[in-house]
Structure formats: C-alpha cells, structure tokens
Amino acid sequence: MTISKISRPVCILGLGLIGGSLLRDLSALDVEVFGFNRSPSGATAAQEEGFDVTTDLVAVLERAATTDALIVLATPMPAIASLLDAIATHAPNCGFTDVVSVKAEVYSLVCDRGMADRYVGGHPMAGTADSGWPASMTGLFKGAAWVVTFDHAYDDPTDTWISLWIDVVHLATLVGAEVIPSRVSAHDQAVARISHLPHIFAEALAITGDNGGALALSLAAGSFRDSTRVAGTHPSLVQAMCETNRDALLIALDEALELLSDARAHLASPENDLSLLIDTGYRSRIRYEARAAGSSGISGRPILRLHPGAPGWVSQLEQAENLGARIDVF
C-alpha cells in the first residue's frame, strides 16, 4: 500500500459528525487542519478541546486561500450552494471536495459556477444516527468505503486537477478509509439502494412498531433496534438526502415494493411460502458480508493500483467502479 500524504493544509467547513471526525483524525496525524462551524456552541466545544476552529466563514476561507488549503465541504446539502459562492469569492483558487451523500446535485451546482476544474467529489460511507460536534469521534472512517468521483477526468484535466484528485484520495486513505472511484450518477444510483432506501424502510418500520403500542415497544429487541437505527437520524438530514436523490430512490423503492408485494401475495396464498424471498435475501446478505470490513478494518473488496494521469488511468477507474474495487495510487 502506498503511503498517503496530503500536499497542502486542510480546511473543513462544517464540524458535525463527519467533518468533526475528519478534523479529529487529521489533527491526530499531525496534518495541518483548521475548520469552520456555523454553530457557536459546536465551535466553542471544539476550541476548548484544542482544535483550530472559528465561526468566521470569510476569515477561514481567506486563510485557506493564503495557504492553498484543500477545502472540505462537510455541511448538509441545503448549505452547499451558498458555500460554493463563498469559496468563489474568498478562495477562488483553492481546490475543494465534499462529503455530501448525493453527488449529481453537488456536481451540477459546481459546474453551473464554472468550478469543475477545482472540484473532486467525495462521500465517506460512515456515520451514526447522531449529529453535531458532540457526535464526532476518532476512527470513524477505519475500513469504510470512501467514494471519490472522477467525472472531470473525461474533460482533459490539468495537472493541477490530477494533483487535487490525488490529495482527495490521500485524505481518505490517511484516516483509514478505502477509496472506491465512481462517477456521480453511478454513485447516486448505488447509494439510493444501500443508504437512502434503508432510511425510508427504517422510518416505516419504526412507525409500524410504534403503532403496536406499549407491549410491542417493550418486546422490541435486536432486530427492531438494528433495523430502525437510522430512523434516529435528524429528520432534516434524512429529508434532504432522500429528496435530493429522488429519481434514483424511486427506482429502488419501486423494486423493493415489488418484492414486498410479492412476499405478501405468497404469504396470503394457500401455499404460505416465503422461501424465495428469504433464501434470496440470505444469499444477498452473504455477498455483502464478503466485502464488508471485519475487526481488522480491512475489507474483502478487490483492489486495483493505478497511476493518476498515466495513459489508460480513466479506463482503470471505470473498471474499479464496475467491480466496486478500492484503489491504491502511486
């Protein structure tokens, strides 16, 4: 595995669960990192723990511009447009990435502002149902998949953009994540199935269980707890991610509803046979477990090594996307 090193300081905008955890990890690795948080209470708490944090967005962006920092947008989707405008005004030459759970909408906002040559999309597949600076922790990203997008690689990118892309990859690998390259549309289609749809199901299951009354809630144990965990996520965050990825989520939801409808029909029939759904679901779960990270933090995902900017490197990225492979750059 290539040793990762970021060639510039890191400026994190938004210090909730993801941004705050990234700040903690990078600081522990002695990376020059500083951040902005809109909430004074969160910023104060971070400052009291010794982190370099401010509530002054203009000041932090001017500092990023002076130090040529890599800017990380770590706020919910509704704040992204205004942050892009602020970057364009106060840090117009800085490269930036994000950790937003949808990529097509972010990329569209970036392209609309003519900023694609300074942007590399990102999305760490890690988190809990909690939010805000108090939820942040060290080690959150160990073994997690971290998507890094490469759509701009088709546009004859400059060496500056390729250097930025490498830094984003190194940012993720430094904190223990496994980088999986993807284009924005493929990413959004995938996360609709394995992230956004589970949120919809968790909400529905939580409501169904609650409708069973006090006895049902008292009897609820591991399966109900695990299946409804993400229903504890702040509603505004769930609404933003699901509605922003509506088209892909509708396809996944229709597919799931068809499976449920078919299961109901089989359960209501004289044969009373759910074996097809249960057996197929079991095999699907086993395939997932084969790729998931174990206690070592290393997953079973295949790995591809590539040299960014070399002939054929974009084809290698496409191959990695198709395989769901992690990459190592050299």
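Predicted model: local features only at pLDDT ≥ 70, side-chain atom pairs only at ≥ 80, totals over all residues.

Biologist: Which strands pair with β8, and in which sense, parallel or antiparallel?

Modeller: Strand β7 (residues 122–124) pairs with β8 in the antiparallel sense over three bridges, and H123 has V147 as its bridge partner. Strand β9 (residues 178–182) pairs with β8 in the parallel sense over five bridges, with T149 opposite S182. From β8 the chain crosses through helix α6 (residues 159–174) to β9, a right-handed β-α-β crossover.

Biologist: Why is the aromatic pair of W165 and W313 called edge-to-face?

Modeller: Rings pair if their centres lie within 6.5 Å, and planes over 60 degrees apart count as edge-to-face. For W165 and W313 the centres are 5.2 Å apart and the planes stand at 80°, and the pair is therefore edge-to-face. The pair links distant parts of the chain, with W165 in helix α6 and W313 in helix α13 (residues 313–323), 148 residues apart.

Biologist: How do you know whether W165 and W313 are buried or exposed?

Modeller: The cut-off for buried is under 20%. W165 has 0% relative accessibility and therefore counts as buried; W313, at 6%, is buried as well.

Biologist: What makes the buried residues of helix α5 line one face of the helix?

Modeller: In α5, residues 104–112, the buried residues are V106, Y107, L109 and V110. Seen down the axis they fall within an arc of 160°, so they line one face. An α-helix has 3.6 residues a turn, so residues three or four places apart point the same way. The buried residues of α5 pack against α4, β5, β6 and α7. Y107 also belongs to a cluster in which ring pairs link it with F96 and Y119.

Biologist: Why is the charge of R63 said to sit over the ring of F34?

Modeller: The distance limit is 6 Å from the ring centre, and the charge must also lie within 35 degrees of the ring normal. The charged end of R63 is 3.9 Å from the centre of the F34 ring and sits over that ring.

How values were computed:
Residues numbered from 1 in each chain as written. Heavy atoms only, no water. Buried < 20%, exposed > 50% of the residue type's maximum accessible area, 1.4 Å probe, protein only. Helix = DSSP H or I, 4+ residues; strand = E, 2+ residues; numbered from the N terminus. Arc of directions from axis to C-beta. Contact = heavy atoms within 4.5 Å. Pairing = 2+ DSSP bridges. Right-handed = clockwise from strand over helix to strand, strands pointing away. Phe/Tyr/Trp six-rings, centres within 6.5 Å; stacked < 30°, edge-to-face > 60°.
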